[in-house]
Amino acid sequence: KADLYQDSIDASADDAGLSHGNNWSITTSIIAQGLNPGGQTEDAGYRFGGVTIAQGVTIDSAFLKFYAADTDTLSTPVCNLKFFCEDTANAVTFADDSTEFNSRMANPTTDSATWSDVAGWDKSNWYTSIDIKAPIQNIINRADWSSGNYLVIFVMDNVSSGDAERLSRSWDSGIPANTVHLEIYYSSSGATNSKQFRRFRK
């Protein structure tokens with residue numbers, strides 16, 4: 001049976017969104033992923049940690065869970081999203097700077113995961129991504145990774161069509177329980193998942 005590590009966003013500067021129409025924020029209550037009505041791509045970044053999984057552990061599966069901030073149940077246009085990690089062993093918080101965000105997105109892991117034709121979302125419901133274990137495995141396999149470090153997962157538009165955005169709640173929505181959640185299932189007797197117990201015993 002796989003062990004489970006669970007986490008969610010800890011602070012305002014741990015999630016951020018960038019519309020390439022130059023709308024940038026680390027404090028917005030809603031983060032968009034996909035293609036907005038103006039035809040601009042929308043990308044997001046999420047920082048999790050400390051991730052109490054030991055270096056080199058096998059990741060069986062991993063998922064992001066989003067709490068929908070609005071309803072978009074149209075079957076067309078098509079929303080396509082791509083997931084990858086920032087290729088660093090211990091990711092820092094996001095700065096209030098779109099240039100910095102873009103430079104970090106330009107340092108991706110070798111592997112990524114693609115969520116194609118994302119079904120529409122209903123407001124105030126949870127939605128689970130496709131399996132994103134591949135880029136997370138890239139980070140856990142780094143020689144300089146240590147249990148307790150932080151990782152960043154980027155979600156970017158992947159050639160969506162029309163008005164195909166998916167809106168989720170951020171830490172700044174005022175309800176931390178509705179921030180994006182990370183679940184990692186892994187196989188190793190040497191790894192720990194102590195953070196999830198600290199978080200959910202509050």
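User: Two strands are paired if DSSP finds at least two bridges between them. In this predicted model, which residue of S11 stands opposite Ile-31?

Analyst: Strand S4 (residues 30-35) and strand S11 run antiparallel and are joined by six bridges. Within S11, the residue standing opposite Ile-31 is Ser-168.

User: How many of the six residues of strand S11 are buried?

Analyst: Strand S11 covers residues 164-169. The strand is largely enclosed by the rest of the structure, because its buried residues number five of the six.

User: What is the mean pLDDT of the protein chain?

Analyst: In the chain, 90% of the residues reach a pLDDT of 70 or more, and the mean is 90. Over residues 194-202, however, the pLDDT is below 50, and this stretch has 14 contacts in the model beyond near neighbours in sequence. Where pLDDT is low, the predicted coordinates should not be read in detail. For the protein chain, the mean pLDDT is 90.

User: How many bridges pair S6 with S12?

Analyst: Strand S12 (residues 181-187) is mostly covered, with five of its seven residues buried. It is joined to strand S1 (residues 3-8) by six bridges in an antiparallel arrangement, in which Leu-4 has Tyr-185 as its bridge partner. S12 also pairs in the antiparallel sense with S6, and there Thr-58 has Ser-187 as its bridge partner. The bridges between S6 and S12 number seven.

User: Which kind of aromatic pair do Tyr-46 and Phe-66 form?

Analyst: The model contains eleven aromatic pairs. In the pair of Tyr-46 and Phe-66, the ring centres are 6.2 Å apart and the planes stand at 70 degrees. Planes over 60 degrees apart count as edge-to-face, so the Tyr-46 and Phe-66 pair is edge-to-face.

User: How many residues apart in sequence are the parts that Tyr-46 and Phe-66 tie together?

Analyst: Both Tyr-46 and Phe-66 are buried. Tyr-46 belongs to strand S5 (residues 41-51) and Phe-66 to strand S6 (residues 58-67), so their pair ties together parts whose separation in sequence is 20 residues.

User: Which residues do ring pairs link into a cluster?

Analyst: A pair of aromatic rings is described by the distance of the centres and the angle of the planes. Ring pairs of this kind link a cluster made up of Trp-24, Phe-84, Phe-94, Phe-101 and Phe-154.

User: How far from Glu-42 is the nearest side chain of opposite charge?

Analyst: Glu-42 lies in strand S5 and is buried, yet has no salt bridge. A salt bridge requires a nitrogen within 4 Å of a carboxyl oxygen. The nearest side chain of opposite charge is that of Arg-166, at 9.2 Å.

User: Is Asn-149 buried or exposed?

Analyst: Asn-149 is found in strand S10 (residues 149-157). Leaving aside neighbours within four places in sequence, its contacts include Phe-48, Val-51, Ala-89 and Asp-144. Buried means under 20% relative accessible area. Because its relative accessibility is 13%, Asn-149 counts as buried.

User: Which strands do the buried residues of H2 pack against?

Analyst: Helix H2 (residues 133-140) is mostly covered, with six of its eight residues buried. Among these buried residues are Pro-135, Ile-136 and Ile-140. The strands against which the buried residues of H2 pack are S6, S7 (81-85), S10 and S12.

Technical notes
Residues numbered from 1 in each chain as written. Predicted model: local features only at pLDDT ≥ 70, side-chain atom pairs only at ≥ 80, totals over all residues. Heavy atoms only, no water. Phe/Tyr/Trp six-rings, centres within 6.5 Å; stacked < 30°, edge-to-face > 60°. Helix = DSSP H or I, 4+ residues; strand = E, 2+ residues; numbered from the N terminus. Buried < 20%, exposed > 50% of the residue type's maximum accessible area, 1.4 Å probe, protein only. Lys, Arg positive; Asp, Glu negative; His and termini not counted. pLDDT = per-residue confidence, 0-100. Contact = heavy atoms within 4.5 Å.
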